[in-house]
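Please look through the sequence and the structure before reading on.

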Amino acid sequence: MVFESAAFAFLALTAVSQWVPMRWHSTDPTSLELLAGTPVNCILLESNAWKPAFLSEAARRHFAVAGVIHPGPDAARQSTRALALKLAALVLDGDFDPSLASRLRSSAATSSTLLIQLAPRRGLPLLSRDPILGTSQALWPGIEIEHGGKVMTGPTSTPWIDTNTGFLRFVRAAHDATVWVGVIPPAHQVLSADRYAQAIGDAALAGARWIVALDADLENRLLARQPTAVATWRGIARYLAYFENHPEWRGFRPASRLGVVEDTASGALLSAGLLDMLASLRVEARAIPTRRLSADQLQGVHLLLNIDAASLDAPQRQLLSGFALSGGVVLNPPADWRFPAAGPDRIVPNRQQANAIQSIWESIYNLTVRKNFCARTFNTSGVLSSVLESPGGSSVLVHLLNYTDFPDEQITVHVLGHWKRARLYRPGKKTLELPVYTVPDGTGVDIDKLTLLATLRMD
């Protein structure tokens with residue numbers, strides 16, 4: 001029996017970039033009422049939830065249903081079943097044998113069904129034409145806490161933030177697909193809506209989407225319609241809507257005069273790498289994947305950190321020579337410097353890799369510290385930012401995400417250039433018009449308080 005009309009299946013496939021995904025574990029058709037009025041429009045279902053009544057209700061409510069398949073001897077059979085049910089997509093969640101993944105991909109293509117791989121980071125198909133790239137191998141965002149409750153600091157001596165933003169910025173620069181992050185909440189913790197907002201925002205800062213997944217306690221209470229759980233879910237949905245209600249923001253692209261040339265062999269797939277270290281110093285940087293290094297990628301770049309220098313081909317080396325001759329600054333690592341290979345399942349640097357980064361960090365620090373490459377924030381301990389510009393450069397966005405449990409106050413933002421208008425967006429609050437003033441490197445704006453999430457728009 002087919003549970004989606006051909007017209008709906010076509011529309012679902014043509015709008016995959018607008019899918020807002022969520023893992024759902026109920027087989028009760030009425031449970032979908034809980035998603036009404038939220039941005040969620042794509043539900044990821046385990047195979048035991050592929051029930052006729054549930055699928056019919058999901059189709060009636062215009063959800064794109066993606067069937068989740070895990071590695072194992074039953075994967076091929078489950079794929080055949082999902083294709084027979086005409087699900088909108090297959091999601092290969094985990095570390096699949098490449099030959100099996102290839103066979104399942106061929107079967108999905110024959111059935112005109114979208115296949116989405118939530119692969120380990122090392123298995124991301126960066127050379128594919130997939131409209132969605134995803135991984136479940138990620139960090140749960142937040143301030144890193146040592147045993148005993150002390151806030152951990154990193155190599156930059158600032159509070160260390162567990163974040164996926166550096167890795168995601170590289171993936172977004174390396175591929176034109178929509179990017180999904182499938183990290184699930186930590187076990188045995190009851191989380192507030194604000195903690196979920198940090199997961200939503202951590203992905204959104206890099207232009208990606210978090211696959212919404214509730215902790216077991218909250219999910220069970222939500223499905224039981226307990227009022228406190230429903231209220232928490234509505235709060236999470238408001239944070240989701242914050243980014244989805246501004247679709248034009250997704251057309252903005254990273255803006256910085258600082259570029260970092262890196263690739264999979266030089267640490268780009270790791271969190272807590274160079275991009276994250278720079279971000280912790282409030283230094284905005286643009287990821288430039290080695291294979292995409294071109295004159296277009298260097299537009300607007302003044303300083304280039306050439307971390308992947310050893311892998312450049314002759315035309316790329318010539319390109320950088322011309323860049324330097326025209327006034328750009330190129331920082332290369334020592335000739336014998338190589339980034340050590342990572343273990344297959346590592347997502348943060350091991351000791352050898354951390355030492356390799358540390359060996360070149362002083363030079364990078366001296367070139368970047370206290371410099372404004374697009375926008376700088378002040379009084380933002382525990383806050384990360386993302387600076388984006390519109391096509392044509394007539395507007396700039398500064399996304400701000402607070403990873404702590406307390407607000408930051410008296411924040412100042414300096415944006416390069418002369419801007420006439422500043423607006424502050426915050427979830428569930430009225431947009432504020434803020435005064436602007438001239439500073440030596442451009443335009444300044446003051447923000448009284450950042451509770452959790454905000455976006456400054458300069459025009």
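Predicted model: local features only at pLDDT ≥ 70, side-chain atom pairs only at ≥ 80, totals over all residues.

In which hand, left or right, does α7 pass α8 in their crossing? The crossing is left-handed.

## Helices α7 and α8

Helix α7 covers residues 216-223, and it packs against α8 at an angle of about 110 degrees, with the two axes 8 Å apart. Angles of 65 to 115 degrees count as roughly perpendicular, and α7 and α8 are therefore roughly perpendicular to each other.

On the α7 side, the residues that meet α8 are Leu-218, Arg-221 and Leu-222. On the α8 side they are Thr-228, Ala-229, Val-230, Thr-232, Trp-233 and Ile-236. Sorted by class, the residues of this contact are six nonpolar, two polar and one charged.

## Helices α6 and α8

Helix α8 also packs against α6, here at an angle of about 20 degrees and with the axes 9 Å apart. Angles under 35 degrees count as roughly parallel, so α6 is roughly parallel to α8. The crossing of α6 with α8 is right-handed.

The α6 residues in this contact are Ala-193, Asp-194, Tyr-196, Ala-197, Ile-200, Gly-201 and Ala-204. They meet Thr-232, Gly-235, Ile-236, Tyr-239, Leu-240 and Phe-243 of α8. The contact of α6 with α8 contains nine nonpolar, three polar and one charged residues.

## Helices α3 and α4

Another helix pair is made of α3 (residues 75-84) and α4 (residues 98-110). Their axes come within 11 Å and cross at roughly 15 degrees, which makes α3 roughly parallel to α4. The crossing of these two helices is right-handed.

Helix α3 contributes Ala-75, Ala-76, Ser-79 and Leu-83 to the contact, and α4 contributes Leu-100, Leu-104, Ser-107 and Ala-108. Six of the contact residues of α3 and α4 are nonpolar, two are polar and none is charged.

## An aromatic pair

A pair of aromatic rings is described by the distance of the centres and the angle of the planes. Rings are counted as a pair if their centres lie within 6.5 Å, and by this rule there are eight aromatic pairs. One of them is formed by Tyr-196 and Trp-210, whose ring centres are 6.1 Å apart and whose planes stand at 35 degrees, so the pair is tilted.

Tyr-196 belongs to helix α6 (residues 193-204) and Trp-210 to strand β10 (residues 209-210), so the pair ties together parts that are 14 residues apart in sequence. Tyr-196 is also among the α6 residues that meet α8.

## The six-stranded sheet

Six strands form an open sheet in the order β11-β17-β18-β24-β20-β21, and their pairing is antiparallel. The edges are β11 (253-254) and β21 (432-434); each has a single partner strand, so one side of each is left without a neighbour in the sheet.

Strand β20 covers residues 422-425 and is joined to β21 by three bridges, the two strands running antiparallel. In this pairing Arg-423 stands opposite Glu-433 of β21.

## The four-stranded sheet

What is the order of the strands in the open sheet of four? The order is β16-β19-β23-β22, again with antiparallel pairing. Strands β16 (375-378) and β22 are the edge strands, each pairing on one side only. From one strand to the next, the twist averages 35 degrees.

Strand β19 (residues 408-416) pairs with β23 (residues 442-450) in the antiparallel sense over eight bridges. Asp-408 stands opposite Leu-450 of β23, while the bridge partner of Leu-416 in β23 is Gly-442. Strand β23 is also joined to β22 (residues 437-439), by three bridges and in antiparallel fashion. Here Thr-438 stands opposite Thr-443 of β23. Strands β22 and β23 form a hairpin, with two residues between them.

Key. Residues numbered from 1 in each chain as written. Heavy atoms only, no water. Pairing = 2+ DSSP bridges. Axes fitted to C-alpha atoms, helices over the stretch in contact; angles between N-to-C directions. Parallel < 35°, antiparallel > 145°, perpendicular 65-115°, else oblique. Left-handed = near helix turned anticlockwise from the far one by under 90°. Contact = heavy atoms within 4.5 Å. Nonpolar A, V, L, I, M, F, W, Y, C, P; charged D, E, K, R; others polar. Phe/Tyr/Trp six-rings, centres within 6.5 Å; stacked < 30°, edge-to-face > 60°.
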